[in-house]
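Visitor: I have a chain open here and want to go through its contacts. Can we start with the charged pairs?

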Amino acid sequence: MTIHFVLCVNKQGQTRLAQYTTWMPVPERAALEGEVVRKCLQRRDNECSFVEHLTYKLVYRRYASLFFIVGVDNDENELAILEFIHAIVETFDKYFDNVCELDLMFNLEKAQFILEEMVANGCILETNKANILAPIELMDKIKK
């Protein structure tokens, strides 16, 4: 199972959160993000949430005003990745109390930390919300 990137973008196509698990130069990342976002945002609601793009399979899902897009290998199970996207959103919802675009913008390092707890080297490590949020809640307690 290899996840190459996780993107969170708004309806206007602005990237609010990006995590790459495979190295790619910054100009290539920007170009890839632009192509991927355009491809996913132009699709209608009645079309499936899986798209092939270059060497990636894109699996995406819209939650309110945010699109969560995951780029995986072509042989990856799409439904498992949809479940993973749902786990990301549920975890963000639990931590941010109903996550919205502003939460990701103003707490980017915490959102990145949550994603890093869930994915490492392109593999899903953890989907249990309590296990994912325990370290960040501990850091929050220390800050106070």
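Visitor: Which lysine does the side chain of aspartate 140 meet in a salt bridge?
Guide: This is a predicted model. In it, aspartate 140 pairs with lysine 110, at 3.5 Å from N to O. The pair links distant parts of the chain, with aspartate 140 in helix 5 and lysine 110 in helix 4, 30 residues apart.

Visitor: Is aspartate 140 buried or exposed?
Guide: Aspartate 140 has a relative accessible area of 18%, so it counts as buried, the cut-off being under 20%. Lysine 110 is also at 18% and counts as buried.

Visitor: How many salt bridges does the count come to?
Guide: Four. One of them joins arginine 16 and glutamate 101, 2.7 Å from N to O. Arginine 16 sits in strand 2 and glutamate 101 in helix 3, 85 residues apart. Glutamate 101 is buried, at 17% relative accessibility.

Visitor: And what does glutamate 90 form a salt bridge with?
Guide: Lysine 129, with the closest N and O atoms 3.5 Å apart. That pair connects helix 2, which holds glutamate 90, to helix 5, which holds lysine 129. Glutamate 90 is partly exposed at 33%, and lysine 129 is partly exposed at 29%.

Visitor: Changing topic. At what angle do helix 2 and helix 4 pack?
Guide: About 135°, with the axes 11 Å apart. Angles over 145 degrees would count as roughly antiparallel and 65 to 115 as roughly perpendicular, so these two helices are classed as oblique. Helix 2 passes helix 4 in a right-handed crossing.

Visitor: Where does cysteine 100 lie?
Guide: In the loop between helix 2 and helix 3. Cysteine 100 is partly exposed, at 32%. Its C-alpha is 7.9 Å from that of serine 65, a residue 35 positions away along the chain.

Visitor: Last one. Which residues make the nonpolar surface patch?
Guide: Leu102, Met105 and Phe106, covering about 320 Å². Leucine 102 lies in helix 3 and is partly exposed, at 47%.

Notes:
Residues numbered from 1 in each chain as written. Predicted model: local features only at pLDDT ≥ 70, side-chain atom pairs only at ≥ 80, totals over all residues. Heavy atoms only, no water. Patch = residues over 30% accessible without salt bridge, like charges linked within 9 Å, V, L, I, M, F, W, Y side chains within 5 Å. Areas by Shrake-Rupley, 256 points an atom, 1.4 Å probe, with all protein chains shown as cover. Helix = DSSP H or I, 4+ residues; strand = E, 2+ residues; numbered from the N terminus. Buried < 20%, exposed > 50% of the residue type's maximum accessible area, 1.4 Å probe, protein only. Axes fitted to C-alpha atoms, helices over the stretch in contact; angles between N-to-C directions. Parallel < 35°, antiparallel > 145°, perpendicular 65-115°, else oblique. Left-handed = near helix turned anticlockwise from the far one by under 90°.
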